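Please read the report below alongside the sequence and the structure. It starts with a single residue and then widens to the chain.

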Amino acid sequence: MSDSFDRAPEQTRPQKAPPSSQDKIPQQNSESAMAKPQVVVAPVLMSKLSANAPEFYPSGYSNYTESYEDGCEDYPTLSEYVQDFLNHLTEQPGSFETEIEQFAETLNGWVTTDDALQELVELIYQQATSIPNFSYMGARLCNYLSHHLTISPQSGNFRQLLLKRCRTEYEVKDQAAKGDEVTRKRFHAFVLFLGELYLNLEIKGTNGQVTRADILQVGLRELLNALFSNPMDDNLICAVKLLKLTGSVLEDTWKEKGKTDMEEVIQRIENVVLDANCSRDVKQMLLKLVELRSSNWGRVHATSTYREATPENDPNYFMNEPTFYTSDGVPFTAADPDYQEKYQELLEREDFFPDYEENGTDLSGAGDPYLDDIDDEMDPEIEEAYEKFCLESERKRKQ
């Protein structure tokens, strides 16, 4: 059977004439070439990349900086220039400090008419009330421009036109609070932006003092009334956000004027929790807000703000002090009247430090003193039980 497999290839070969002597050399070359491994050459793919292609920018990257450095000449209209800057701030809020001055200077050369100022106010307002998380940045931007824009037409300066625009939305607060979901969502964005404006918009008096806009304080109080008068879940959530944002400042201002508005607001919240048909989660949010207010809005009264903390004026002075134990197992800290005496006694105890001669030779016996100390340590569970025992003994002793 092996012969048939060996002869089969010979039967299929075509019959050729015997090669001449001239044909033998090429035949040897071909046979040697066939013995070598064949190299497969991959086809060359033509690249579609071009050196003249436009520059690539990753997703989310803003080329505002490059355009900004080239100047406002690259922008055909004020609207495009301002909108590009607002989008840039939305993506990179950290650039506010470094670029706001140049932005204001450019606006001073561009915004020279009443219509241009109106357009600028509207662009910033729409960005602050339509883009999530831009209300704070928008309020900061408004505060800066209110102090650095030089144009002041007869219709009003930047701050006056901004407040006039906010008043337009404010006057329809009752209808907006009971409107459809889209209307309420837009109204809530306006409420939070107004809260940020109240905190960030600074008004300089004739004597140089800086105050907040009282008209915004009054407006926020009425907006809270509108939200609580229509106790739907999203309205109540908006009220909670607004009070978390401005509650401490509002209450301080009302107290200075002898008003009890915050007490009335808290009472309103408690009535909503008892009577309104809001969800359980929203009721929990309202109760947490009441709890936050009862803790002075989370503010800690630091006695060390204006004077150095001492054991007499700061009850937390010894909070981080270590706890020591006497030879009887009684715990003591630096707050104890006889702390110095007890601590000195602790230092003088013979077993507190290893016994050494002046040259460092151990006198306590054979072995490494550091290893001996490690071997003598109590098990963590035993040590914890011992400390509990000492504390309980101290408590009983005081009784």
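## Val265

Val265 has a relative accessible area of 2%, so the residue counts as buried, the cut-off being under 20%. This is a predicted model, and the value is computed from its coordinates. Val265 sits in helix H13, which covers residues 261-275.

Leaving out neighbours within four places in sequence, the contacts of Val265 are Arg221, Leu224, Phe228 and Leu243. Arg221 is 44 residues away from Val265 in sequence, and the C-alpha atoms of the two are 8.8 Å apart.

## Ser248

Ser248 belongs to helix H12. Is Ser248 buried or exposed? Its relative accessibility is 18%, and because the cut-off is under 20%, Ser248 counts as buried. Apart from residues up to four places away in sequence, Ser248 touches Trp297 and Arg299.

## The second largest pocket

The second largest pocket holds about 550 Å³ of space. Its lining consists of 20 residues, and those closest to the pocket centre are Lys185, His188, Ala189, Leu192 and Lys241. By class, 10 of the lining residues are nonpolar, five are polar and five are charged.

Which helix gives the most to this lining? Helix H10 does, with seven residues. At least two lining residues each come from helix H6 (114-130), helix H10 (181-200) and helix H12 (233-256). Helix H12 is also the helix that contains Ser248.

## The chain as a whole

The protein chain contains 17 helices and four strands. It has 399 residues, of which 32% count as buried. Taking contacts between residues at least 6 apart in sequence, 60% join residues at least 24 apart.

## Confidence

The average pLDDT of the protein chain is 77, and 63% of the residues score at least 70.

Notes: Residues are numbered from 1 along each chain as its sequence is written. This is a predicted model: local features need pLDDT of at least 70, side-chain atom pairs count only at pLDDT 80 or more; totals for chains, interfaces and linings use all residues. Side-chain values use heavy atoms; hydrogens and water are left out. pLDDT is the predictor's confidence in each residue, from 0 to 100. Buried means under 20% relative accessible area, exposed over 50%, partly exposed in between (1.4 Å probe, protein chains only). Contact means heavy atoms within 4.5 Å. On a 1 Å grid over the protein atoms alone, a cavity is a set of points where a 1.4 Å probe fits but cannot get out, and a pocket is an open set with protein on both sides within 12 Å along at least five of seven lines; lining residues have an atom within 4 Å of a point. Grid points are joined across faces, edges and corners, and a volume is the space filled by probe spheres set on the points. Ala, Val, Leu, Ile, Met, Phe, Trp, Tyr, Cys and Pro count as nonpolar, Asp, Glu, Lys and Arg as charged, and the others, Gly among them, as polar.
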